[in-house]
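Please keep the sequence and the model in view while reading.

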Amino acid sequence: MLAQSRVIAKGRRIRDVERLVEAYGGRSSGWTKKSSPRFALDGREYEYHWYEHAGIGQIEIKRKQVD
């Protein structure tokens, strides 16, 4: 899943970047918001979305319905 992830936003283009810096640390320029490829579950389409920072890792992983 992670090898096929795509970047949704980076740094200041992330709406919640200031909250992420306050809660988890790091510089705002180091944060990225990523998405997994779509997958089907019970007839619906989903993606996983998460925030990531080198040295901190992946946080706040959410499953989002996209259909």
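Y48 is partly exposed, with a relative accessible area of 27%; on this scale, buried means under 20%, exposed over 50% and partly exposed in between, for a 1.4 Å probe and protein chains only. The model is predicted, so local features need pLDDT of at least 70 and side-chain atom pairs count only at pLDDT 80 or more, while totals for chains, interfaces and linings use all residues. Residues are numbered from 1 along each chain as its sequence is written, and side-chain values use heavy atoms, with hydrogens and water left out.

A pair of aromatic rings is described by the distance of the centres and the angle of the planes. Rings of Phe, Tyr and Trp (its six-membered ring) pair if their centres lie within 6.5 Å; planes under 30 degrees apart count as stacked, over 60 as edge-to-face and the rest as tilted. The whole structure holds 3 aromatic pairs. In one of them, the ring centres of Y24 and W31 are 6.3 Å apart and the planes stand at 55°, so this pair is tilted. Y24 is partly exposed at 36%, whereas W31 is buried at 0%. The rings of F39 and Y48 have centres 5.2 Å apart and planes at 20°, and therefore count as stacked. F39 is partly exposed, with a relative accessibility of 24%.

Ring pairs join F39, Y46 and Y48 into a cluster. Over the face of Y46 lies R63, at 4.7 Å from the ring centre; the criterion is NZ of Lys or CZ of Arg within 6 Å of the ring centre and within 35 degrees of the ring normal.

I8 belongs to strand β1, residues 6–10, strands being DSSP runs of E with at least two residues, numbered from the N terminus. I8 is partly exposed, at 36% relative accessible area. Its C-alpha atom is separated by 7.5 Å from that of T32, 24 residues apart along the chain. Beyond neighbours within four places in sequence, I8 is in contact (heavy atoms within 4.5 Å) with K33, K34, S35 and H49.

The largest pocket has a volume of about 160 Å³, the space filled by probe spheres set on grid points joined across faces, edges and corners. A pocket here is an open set of points on a 1 Å grid over the protein atoms alone, where a 1.4 Å probe fits, with protein on both sides within 12 Å along at least five of seven lines; lining residues have an atom within 4 Å of a point. Of its 13 lining residues, R15, D16, K33, Y51 and K62 are the closest to the centre.

How values were computed
Helices (H or I, at least four residues) and strands (E, at least two) are DSSP runs, numbered from the N terminus.
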